[in-house]
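Read the following account with the sequence and the coordinates open side by side.

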Amino acid sequence: MVSTLTTTERQVALLLSALVALTGLALAAAGRHDPLGVHGFLILVYGLGCATVVARGYYSPEPDSERLSRYYDEPIKAGLLIAMAWAVVGMFVGVWVATLLAYPEFTFDQAWASFGRLRPVHTTGVIFGFGGNALIATSFHVMQRTSRARMPGQLSPWFVLVGYNLFCLLAVSGYLIGITQSKEYAEPEWYADIWLVIVWVTYLVLYLRTLARRQEPHIYVANWYYLAFILVVAVLHIVNNLAIPASLGGAKSFPVFSGVQDAMTQWWYGHNAVAFFLTAGFLGMMYYYLPTRAGRPIFSYRLSIISFWGITFFYMWAGSHHLHYTALPHWVQTLGMTFSVMLLVPSWSSAGNALLTLNGAWHKVRDDATLRFMMVAAVFYGLSTFEGSFMAIRPVNALSHYTDWTVGHVHAGALGWVALITFGAIYSLVPMLWKRERMYSPALVELHFWLALAGTVIYVFAMWNSGIIQGLMWRTYNESGTLAYSFVDSLVAMHPYYVARAFGGLLFLIGAVAGCYNIWMTIRSTASAAREPTGDRPVAGAPAAEPAE
Amino acid sequence: MAVEERDAHTGYLTTGHEWNGITELNRPVPKIIWLFLLSTFAFAFLWWVLMPAWPLGATYTRGLLGVDQRARLADDLAVAAARRADWMAEIEAKPVEAIRADPALMRLARESGRTLFADNCGVCHGATGGGGPGYPSLVDGAWLWGGDAKTVAETIRVGINSDHAESRVGQMLAFGRDGILERQAISDVVSFVRSLSDAPLAPAEKTGAAAGATIFADNCAACHGEDGRGSTDVGAPDLTDGSWIYGGDRPSIFASVDRGRQGEMPAWEARLTPVQRKLLTVYVLDLGAKQ
């Protein structure tokens with residue numbers, strides 16, 4: 001890894017690692033009477049670890065200029081492996097919290113293992129750890145291939161990847177020791193948020209610089225989506241995390257907004273995180289790996305335009321549908337609801353464009369589990385966007401809100417769409433990157449596909465049932481005009497569904513573990529084929545990479 | 001660079017661009033997409049006309065239907081209250097004993113009281129009032145502060161050791177922690193207390209119980225009574241009835257004497273209406289009577 005860096009890049013990498021370590025030391029000292037001290041220490045160790053890795057490879061020979069005639073794939077490989085590791089961790093904790101809901105004694109009387117702390121570990125682990133790393137890795141791959149240009153320099157992709165994972169580690173470890181700003185999907189505190197801004201702006205600049213070096217007259221659709229993902233997530237992250245630290249020696253901070261404004265900002269963020277992190281980024285993934293795997297042209301370029309601008313424009317307005325029937329003014333709810341309804345057709349256009357692209361390649365969908373992962377992902381994308389627009393309608397929301405239906409909806413999207421498209425992309429990408437003919441075991445890919453599909457279906461059906469039963473139990477009145485069921489009655493009724501949900505999640509987790517094994521064995525298998533796909537090189541004559549970042 | 005090619009499968013031309021093997025068909029957007037898109041726009045537009053929708057500086061468009069979520073909630077609450085009005089008025093007017101003697105009214109009280117109890121009291125006392133470690137059972141006939149209707153209603157209103165100004169206050173001293181009794185003395189008095197409820201005693205306990213009797217008379221009888229039957233004036237439990245809040249085994253009683261007890265029950269006056277509290281009183285008395 002260090003051997004692919006130039007000497008100047010190695011020096012800058014050492015300097016950056018030292019800066020991170022020093023910042024960690026300062027935080028550890030300032031926060032020694034606060035949980036912040038633990039994080040300061042963690043940052044210190046992380047910085048020193050990076051410095052050690054760079055120092056150990058410091059005197060290895062410099063890469064020759066021949067590298068410039070190839071794409072820079074090392075950070076992509078690392079990103080994919082890290083994403084799979086996060087997948088297993090995040091999904092394991094997911095199964096754990098699902099079990100907790102059915103059998104609360106599984107907290108083992110430990111504060112760190114309580115539901116409130118483990119649940120964000122699960123969400124952050126799968127969304128930011130698994131999803132985020134997969135997005136970063138695939139975006140590095142797609143932007144180079146569709147621009148036919150190598151990334152400018154070798155250091156900034158590593159900075160983005162390694163820096164982003166420091167953020168994820170701070171987030172997840174913070175929840176366990178009780179650090180959170182209590183904003184869903186934006187739990188990390190101020191110092192982690194500032195660090196993510198630095199990392200994310202570097203990511204944006206890297207993406208733009210690669211696009212600027214492109215050897216194609218047009219920018220391919222996948223890049224529109226990746227760019228929207230990077231740009232909007234930066235805006236969302238910054239605005240929703242505007243906060244004032246209670247002290248520089250403590251983890252606690254207070255948001256600048258309060259009351260209903262804070263709620264609205266949070267859900268503007270929350271819903272657009274779904275839109276631009278979990279949708280736009282993964283649509284970018286789909287737009288590259290699905291047509292390459294199917295070997296078919298995109299069904300309609302014009303439809304791509306409608307979907308892209310529809311999604312980017314309408315999603316921005318939809319966040320207030322999370323706050324129906326609350327203190328939020330009625331008119332804001334109306335706007336959130338109507339824009340959610342208008343969002344449906346652009347979303348379905350994307351799903352339709354993907355599925356219709358498969359026309360002429362359905363026999364491949366039948367035979368190839370990797371392509372089938374992506375096909376089913378597009379179906380779940382269509383299902384969950386329909387469900388989302390439906391649930392955003394106020395009277396429907398009156399039944400669904402605060403119930404497990406929401407949880408089922410999220411997982412139809414997160415398991416059925418996000419995770420399946422990612423597994424499809426990873427199974428396409430691993431043989432390409434490691435130059436193998438195919439995955440080590442296509443049968444294991446097939447097994448993973450069925451485990452993932454069965455797990456998702458069991459999960460989603462369990463939550464649909466429990467959510468609707470819950471919603472109905474909460475609103476049923478008896479003849480004497482009082483509530484027919486107590487809250488505990490509804491919990492008792494949920495128990496069998498919670499058991500089923502944990503089982504569905506377990507199947508999904510087992511599939512991911514099988515995927516890890518398959519990827520590992522693919523990498524370890526001898527590169528007998530040692531084949532390089534024809535044309536998998538940047539266009540010669542692309543400007544030489546500048547050494548410094 | 002831009003060379004359109006015809007896709008053999010569909011017959012459409014590509015846009016003429018190619019990215020690492022990916023091409024796109026230059027196919028018009030299907031008409032049905034436009035149709036659906038315009039339908040959703042029409043729906044949104046209609047909704048904006050009918051409902052509160054767009055901000056206008058300090059105000060907003062009210063919508064032709066004049067719907068307001070706060071007014072609608074108030075209406076819904078009024079409708080629900082009207083459905084309960086007749087029998088709730090009866091609960092409010094009649095004395096508790098008269099309600100309990102009226103089977104029709106009791107059927108309604110049991111139905112509504114069940115959810116009211118489970119949502120507010122069940123967390124500590126259990127959904128069926130059986131209690132749990134640290135929280136008294138309401139169905140065993142053992143009452144800390146008294147089991148008549150007036151007393152139960154008052155306990156619900158002000159709570160025990162709560163933040164209510166008139167809260168019932170009950171405290172068992174920490175005889176060991178605060179150095180009032182030696183360890184041996186505590187051990188002896190625990191043996192004596194266990195003998196009160198005719199618990200089977202080990203031989204060593206029998207000796208201790210004799211010594212414990214004096215210690216009990218000097219230290220415990222003020223609240224729990226000479227005979228250990230407790231006192232509802234200070235919320236001191238009866239130690240002879242075999243009913244235990246914190247457990248009747250030796251280590252539990254030892255812990256109670258050593259570190260004291262000060263159980264808490266919240267006051268419900270600010271949280272539940274008078275008629276809801278009355279309904280709960282009826283329900284709780286009914287729970288106890290069913291045993």
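E479(A) counts as exposed because its relative accessibility is 75%, above the 50% cut-off for that class. The model in which this value was computed is a predicted one. E479(A) sits in the loop that joins α15 (442-475) to α16 (487-524) of chain A. Which residues does E479(A) touch, once its neighbours within four places in sequence are left aside? The contacts are R83(B) and E111(B), both named here with the letter of chain B.

T482(A) has its place in the loop between α15 and α16 of chain A as well. Is T482(A) buried or exposed? With a relative accessible area of 13%, T482(A) is buried, because the class takes in values under 20%. Apart from neighbours within four places in sequence, T482(A) is in contact with T476(A) and Y477(A) in chain A, and with R84(B), W87(B) and S112(B) in chain B. The loop between α15 and α16 of chain A therefore holds an exposed residue, E479(A), and a buried one, T482(A).

These two residues lead to the interface of the chains. The contact draws 57 residues from chain A and 48 residues from chain B. The size of an interface is often given as the accessible area lost when the parts come together. For chain B and chain A, that area is about 4,600 Å², and 64% of it is on carbon and sulfur atoms. On the side of chain B, the residues that lose the most area to chain A are W19(B), N20(B) and Q69(B). Together these three account for 15% of what that side buries.

How many salt bridges are counted between chain B and chain A? The count is two. In a salt bridge between R296(A) and D7(B), the side chains meet with an N to O distance of 2.7 Å. The polar contacts between chain B and chain A come to 28 residue pairs, with both residues at pLDDT 80 or more. Three elements of chain B give two or more residues to the side that touches chain A: α1 (31-50), α2 (69-93) and α4 (103-120). Of these, α1(B) gives the most, with 10 residues. By class, the side of chain B that touches chain A has 27 nonpolar, 11 polar and 10 charged residues.

A second interface lies inside chain A. The domain assignment of chain A gives domain 1 (1-59) and domain 2 (73-524). The contact of these domains takes 20 residues from domain 1 of chain A and 21 residues from domain 2 of chain A. Their C-alpha centres lie 30 Å apart. Domain 1 of chain A and domain 2 of chain A bury about 1,800 Å² between them, with 77% of that area on carbon and sulfur atoms. L36(A), H39(A) and Y46(A) supply 32% of the area that domain 1 of chain A buries against domain 2 of chain A, more than any other three residues.

How many salt bridges does the rule find across the interface of domain 1 of chain A and domain 2 of chain A? The rule finds zero. Across the interface of these domains of chain A, nine residue pairs are in polar contact, both residues being at pLDDT 80 or more. The elements that give two or more residues to the side of domain 1 of chain A that touches domain 2 of chain A are α1 (7-30) and α2 (35-56) of chain A. On that side α2(A) gives the most, with eight residues. The residues of that side divide into 14 nonpolar, four polar and two charged.

Chain B has its own assignment: domain 1 (14-61), domain 2 (71-167 + 265-289) and domain 3 (183-259). Taken over C-alpha atoms, the centres of domain 1 of chain B and domain 2 of chain B are separated by 55 Å.

Two residues remain, and the backbone is the topic. F108(A) is not a glycine, although its phi is positive, at about 55°. F108(A) lies in the loop between α3 (74-102) and α4 (115-147) of chain A, and is exposed because its relative accessible area is 51%. N161(B) is likewise not a glycine and has a positive phi, of about 50°. The loop between α6 (149-158) and α7 (183-196) of chain B is the place of N161(B), which counts as buried because its relative accessibility is 13%.

Key:
Residues numbered from 1 in each chain as written. Chains lettered and ligands numbered in written order. Predicted model: local features only at pLDDT ≥ 70, side-chain atom pairs only at ≥ 80, totals over all residues. Heavy atoms only, no water. Domains from an automatic or database assignment. Contact = heavy atoms within 4.5 Å. Buried area = accessible area lost by both parts, 1.4 Å probe. Salt bridge = Lys/Arg side-chain N within 4 Å of Asp/Glu carboxyl O. Polar contact = N/O pair within 3.5 Å; in protein donor to acceptor, adjacent residues only side chain to side chain. Helix = DSSP H or I, 4+ residues; strand = E, 2+ residues; numbered from the N terminus. Nonpolar A, V, L, I, M, F, W, Y, C, P; charged D, E, K, R; others polar. Buried < 20%, exposed > 50% of the residue type's maximum accessible area, 1.4 Å probe, protein only.
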